[in-house]
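Open the model in your viewer and get ready to select residues. The tour starts at a pocket and then moves on to packed helices.

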Amino acid sequence: MDFRTRLREQIEYLGLLDKEVAKQAGITKHAMDTYVGSRGCMPAADIAVRLAKVLGVSVEWLVEGNPAKDGAAPDSDMHTLIHYFSTLSPHDKKLLLEIAKTMHTMDDL
């Protein structure tokens with residue numbers, strides 16, 4: 001699977017439109033079309049990083065197809081969680097992390 005295919009599949013999996021991803025990544029719709037279209041151009045590194053962040057995947061997975069850093073490709077729940085988390089404000093991210101930390105601590109009891 002190549003970059004274009006992984007990009008296209010992740011966009012579809014998240015139920016997003018190309019123009020939404022482009023806007024969130026700070027690129028033009030035309031640029032996005034060059035990455036997901038039949039030409040399948042590879043973006044510059046900074047753009048690949050922004051696209052990966054918007055899509056909730058690692059840039060390594062998006063560009064090279066390598067597994068996530070924990071040794072496995074992110075599962076669907078993790079994709080969704082990362083995507084939603086990336087859209088939160090810094091304040092809300094901090095709150096959610098505190099909730100997760102508290103839940104994790106309670107599991108250890």
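**Stop 1: a pocket**

Select Met78, Leu81, Ile82, Phe85, Leu96, Leu97 and Ala100: they line the second largest pocket. On a 1 Å grid over the protein atoms alone, a pocket is an open set of points with protein on both sides within 12 Å along at least five of seven lines, and lining residues have an atom within 4 Å of a point. This is a predicted model: local features need pLDDT of at least 70, side-chain atom pairs count only at pLDDT 80 or more, and totals for chains, interfaces and linings use all residues. Residues are numbered from 1 along each chain as its sequence is written, and side-chain values use heavy atoms, with hydrogens and water left out.

The pocket holds about 190 Å³ of space, a volume filled by probe spheres (1.4 Å) set on the points. Now colour helix H6 (76-86) and helix H7 (90-107); each supplies at least two lining residues. Helices are DSSP runs (H or I, at least four residues), numbered from the N terminus. H6 gives the largest share, 4 residues. What classes make up the lining? It has 7 nonpolar, no polar and no charged residues. Ala, Val, Leu, Ile, Met, Phe, Trp, Tyr, Cys and Pro count as nonpolar, Asp, Glu, Lys and Arg as charged, and the others, Gly among them, as polar.

**Stop 2: H2 and H3**

Select helix H2 (residues 18-25) and helix H3 (residues 29-36). They pack at about 115°, with axes 9 Å apart. Axes are lines fitted to C-alpha atoms over the stretch in contact, and angles run from 0 to 180 degrees between N-to-C directions. Asp18, Lys19, Val21 and Ala22 in H2 meet Lys29, Met32, Asp33 and Val36 in H3, with contact meaning heavy atoms within 4.5 Å.
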